[in-house]
Amino acid sequence: MGVDLRQVVAGILTITMFVMLGQMLHRDYFDSLQEKDQGDAHDIEFEGSRVSVKDSLVGALEGSKGPWMDDNNDLNPCWPTLLSDEAVSSKGYVTFSLTNGPEYHISQLTDAVMVAKHLGATLVLPDIRGSKPGDETSFEDIYDADKLIKSLDNVIKVAKQLPEEVSLRDIAIVKVPTRVTEDYIKEHIEPIFKSKGNIRVATYFPSVNLRKSSQDGETDPVACLAMFGSLELQPELNAVVESMIERLKTHSRKSGGRFIAVDLRIEALEKKNCHSAGVVGSKTCYNAQEIAVFLRKIGFAGDTAIYLTQPRWDSSLNILKDIFPKTFTKEAVMPASKRSKYLESESSEYENVIDFYISSRSDVFVPAISGLFYANTVGKRIALGKPQVLVPAEISETSALATDYISPYISKKNHLAYSCFC
């Protein structure tokens, strides 16, 4: 039986078309990154793309499937021996609220503790306020109040509530810049405190940059304690986070129980116009396709488990799931018995906190969106000895080393956390 030449040609064309489609799917549209010294509170760019990493910082795990790295447990807190003073309290009180999500909570708590310490005042546990009017949550619904009070025991006095005899009309509202210093407190806040007796601290963020600066001088040990040694989840919520991490590890058996957390939220991407390719200059965010191609090019296998901070599944994430089928949002890995409380609440605080702590505890963290979530997650990971934070960037080759894309916060050791750990 003769061979029809037209059928042969048609077959070759069909195969060629599928190859071209595959190449299009994996093509990267990343833009090169440029380092930026200062960013505003909502739109800071990632630093650098390719960075050099010392051998002592991270090391690839032999025999592992993918570019996984060892944790680094060489750092220890520098502040315990420096905190020997007994807490001294005046009759005055410092009140404040936690707002805008867990990445802001750390800074807000630290600034309030610094103010109370240097004024000799009693700190009142804050409430937690969401983005909508009337959206309030008790501190103890999310964080461990007893742990916080105990950790600050030798630094300041902490009250769970403001005494009834203190009138809200007698409390002066004072705005302070994040990373407030003792000199600033003495010059701008202490006179008001002496006049009014009680103050309410409202932190504002001139920048979301958490890099160390030569102008900062030595980091106050009180700030280190507040930032890295006082704020923990309350037991029930912590157990939910632990169960979700264990479920992700179960999905990652072929990778030794290791998984990736990616801060990728569709609403934030739309605000920053990340869906279009070819943006000129540095990028502040990456979409699902760009993240998928980036992770494949640096060597992660298709069966790697990925956790996304996106609240619920969105069709725009399908391309990521096509390349990494074990990609999950929180409703897929949260215990069914906990979903009504933590996923169906009118407040989004529970979900935001869960995302932050899973991102801090994952084996690899990839920030698809720049900003304070990225910066404070890196700080938490440095404290936990988890340095594998990979910043997405353009990869022109078909493959690349994961160590070339370690966050400059870590590769250059210029994160504020390195002032608190040694």
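Which residues of helix 9 are buried? In this predicted model, the buried positions of helix 9 are Ala288, Glu290, Ile291, Ala292, Val293, Phe294, Leu295 and Lys297. Helix 9, which spans residues 288-297, is thus mostly covered, with eight of its ten residues buried. At the start of helix 9, asparagine 287 places a side-chain oxygen within 3.2 Å of the backbone nitrogen of glutamine 289. Just after helix 9, a positive phi of about 110° is found at glycine 299.

Alanine 393 is located in the loop between helix 14 and helix 15 (408-411). Because its relative accessibility is 0%, alanine 393 counts as buried.

The packing of helix 14 against helix 13 was examined next. Two packed helices are described by the angle between their axes and the distance between the axes. For helix 13 (residues 349-361) and helix 14 (residues 372-384), the angle is about 50° and the axes are 8 Å apart. Helix 13 is therefore oblique to helix 14. The crossing of helix 13 past helix 14 is right-handed. Helix 13 contributes Asp355, Phe356, Tyr357, Ser359, Ser360 and Arg361 to the contact, while helix 14 contributes Phe373, Asn376, Thr377, Lys380, Arg381 and Leu384. Classified by residue type, this contact comprises four nonpolar, four polar and four charged residues.

Technical notes. Residues numbered from 1 in each chain as written. Predicted model: local features only at pLDDT ≥ 70, side-chain atom pairs only at ≥ 80, totals over all residues. Heavy atoms only, no water. Axes fitted to C-alpha atoms, helices over the stretch in contact; angles between N-to-C directions. Helix = DSSP H or I, 4+ residues; strand = E, 2+ residues; numbered from the N terminus. Parallel < 35°, antiparallel > 145°, perpendicular 65-115°, else oblique. Left-handed = near helix turned anticlockwise from the far one by under 90°. Contact = heavy atoms within 4.5 Å. Nonpolar A, V, L, I, M, F, W, Y, C, P; charged D, E, K, R; others polar. Buried < 20%, exposed > 50% of the residue type's maximum accessible area, 1.4 Å probe, protein only. Polar contact = N/O pair within 3.5 Å; in protein donor to acceptor, adjacent residues only side chain to side chain.
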